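Here are some notes for a colleague who is meeting this structure for the first time.

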There are 2 protein chains.
Amino acid sequence: MTVTLKDVAERAGVSRSAVSRSFTPGASVSAKTRAKVEQAAAELGYAPSALASGLSTGRTKLIGLVSNNFHNPVFLEVFDLFTRAIQDRGLRPLLVNLSEDTDPEAAIRMLRQYSVDAVIVASSTLSPAFAADCKAAGLPVVHAFGRATQHPEVPVVCIDNVEAGRMAARALLARGYRDIGFLGGPAGATTTQDRLAGFRQELARHPGCRLRESFASTYSHDAGAAEMSRLIDTGPLADAYFCGDDVIAIGALGVLRKAGRDVPGDVGLIGFNDMEAASWGLVTLTTIRQPLDEIIEVSVGQAIALSERPETPVTQTLLPLTLIERGTLRPRM
Amino acid sequence: MTVTLKDVAERAGVSRSAVSRSFTPGASVSAKTRAKVEQAAAELGYAPSALASGLSTGRTKLIGLVSNNFHNPVFLEVFDLFTRAIQDRGLRPLLVNLSEDTDPEAAIRMLRQYSVDAVIVASSTLSPAFAADCKAAGLPVVHAFGRATQHPEVPVVCIDNVEAGRMAARALLARGYRDIGFLGGPAGATTTQDRLAGFRQELARHPGCRLRESFASTYSHDAGAAEMSRLIDTGPLADAYFCGDDVIAIGALGVLRKAGRDVPGDVGLIGFNDMEAASWGLVTLTTIRQPLDEIIEVSVGQAIALSERPETPVTQTLLPLTLIERGTLRPRM
DNA sequence: GGGCAAATTGCAACCGGTTCCTAAACCGGT
DNA sequence: ACCGGTTTAGGAACCGGTTGCAATTTGCCC
């Protein structure tokens, strides 16, 4: 049924090695032989088996793409960019959904079984231990959207969440807000902690400020809505809130509007991520944008580098953020 | 570096065949041998190479998951469900992003090279020719979210778009709307055509109705917004619109609110898909839900069946829709 | 035309499993 | 202890490529 190297070799009247070499860039074949082979291959519709070649060369051109963020709308964009970046370089993404109920160890075993050339972990909520375990299992790995640390075990490509906190604080201060709220994601998440740290840091430089802290239980619309409801019920609100991410902000925004509060008139809101919905007419959320495309380009580049030269030193890449002004903060003063 | 069958065999003091059989369910091995093998394998941390076994058995446990919908938020949910469904059955999704600039032929060649067990095309906007080409290339294929036809070439799992049109019409009529608009997706899309057909059909049964037809240029927020702007600018609006999908509806909703029209007071809106954002507090969109989970379960089931018995007859599965009432239509009369 | 180095070619072993086939080990029964 | 029938085990070929090595061909120069 399937046409193999041997079939092409027979048809072209050459050896199997000659055919193999004709398909290997830079191998030693005469123009004449290559022509015969290509002709025969075309006639037969031959395509070399990636399995067989992966088996003998040890490289499969498969990249394990692991994530557990299948509910955050930005990740659709992330998957789009990742799959394209991977495909553009002649590789293929083997997607792994590492949701609650899947065993991380099994996932790693699986990635080894398919001998993927590298693994890219795309998640801000997954423990760094997972990436470290991949590395321990001998898989080249890059953690995109991970946490920057002093002594990273694996390459991390991310933004500086502490700086994100500072940036949000500066944006709020510049617009004259003084009674300021932090409406973070889950209190235990490192992203929340880092952003809060930066946020506090910057506010501390402005004596007259008040900071109130609260947390949504997850990075989700409903959690953001629930937390904002609670804040409304339990007392006067701050003048403006820095939200854990855009979905949380949108949840909060919905509750505020329903409660008759004007945004940004009564309350200011700033989100994080710049997901597509942030620009929707109903939303027009002021937010901080992560450079998704750069994060992804760098991640894929590093993954490939690492798969080619495993001894490549472990580095950390911090990429710059951008404030996207829309309509949920009052103008600069 | 990697531990192979041979290593395990030597350690366990048995032949390579014995090891292989120990890992093949239903093979003939004595309990004693299997125990020795399992012990040795555990000690060595052995995991059989999926490549090698794929090469000799012809089955790779790889499922090609092809889509070009990386901008429609429902597809994040679709990918979540697909990857889980596939993983739950011990298979792996090889993701293919078939965006504009990627060559469908190259994609098919690639899927053959990796000898995926089956291909699932997950897209409502991709030509049925792609799935047909997969089949012609000898790949078992299922088209999820495809179009139902009289003589399907490949199995299709979808909803009945004509019925969707009727359902939307009935919902609007039941709420007393009589001057009714169809704000479809791209006019050339089969989904648009089918829904419009059903919509007309049902309205035709109610003599006193007026139907106005218009189309957004793509299934996107901005296209929906643009088309609604145009409608507002060019004359009086209908009483209610059936939108091509939820993103289009949300785009239209944003424009209406900004123009000072009350929804549902002045204008009613019904969407399609029931994407997550439809339930957001800011949106509360009345819409028609496709049973994503069922579509995906059935698709995966059929893909597997087809890969195991290629002669499985080609069937078409139409799954039922549900009206989800939220806040963009006035109450039933 | 002869001689030499460089380019090409084919052979054969190997990548890591699977499976057919035959031979050996095992079983209960007498 | 012996027999016939099952299990179980191992040898070897195969899946479809890749690649080191030795042999052959080619091209060039004298």
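1. For the classes used below, Ala, Val, Leu, Ile, Met, Phe, Trp, Tyr, Cys and Pro count as nonpolar, Asp, Glu, Lys and Arg as charged, and the others, Gly among them, as polar. Please keep in mind throughout that this is a predicted model.

2. The second largest cavity, with a volume of about 40 Å³, is lined by Ala50, Leu51, Thr60, Leu62 and Tyr114 of chain A together with Leu51, Leu62 and Tyr114 of chain B. By class, this lining has seven nonpolar residues and one polar residue, with no charged residues.

3. By class, the lining of the largest cavity has 14 nonpolar, two polar and four charged residues.

4. Turning to the cysteines, a search of the whole structure finds zero disulfides over all chains. Cys134(A) is in no disulfide, and the nearest cysteine sulfur, which belongs to Cys158(A), is 17 Å away. Cys134(A) counts as buried because its relative accessibility is 0%.

5. In chain B, Cys243(B) is likewise in no disulfide, the nearest cysteine sulfur being that of Cys209(B), 17 Å away. Cys243(B) has a relative accessibility of 1% and therefore counts as buried.

Methods: Residues numbered from 1 in each chain as written. Chains lettered and ligands numbered in written order. Predicted model: local features only at pLDDT ≥ 70, side-chain atom pairs only at ≥ 80, totals over all residues. Heavy atoms only, no water. 1 Å grid on protein atoms, 1.4 Å probe; cavity = no way out; pocket = protein on both sides within 12 Å on 5 of 7 lines; lining within 4 Å. Points joined across faces, edges and corners; volume = space filled by probe spheres on them. Disulfide = S-S within 2.5 Å. Buried < 20%, exposed > 50% of the residue type's maximum accessible area, 1.4 Å probe, protein only.
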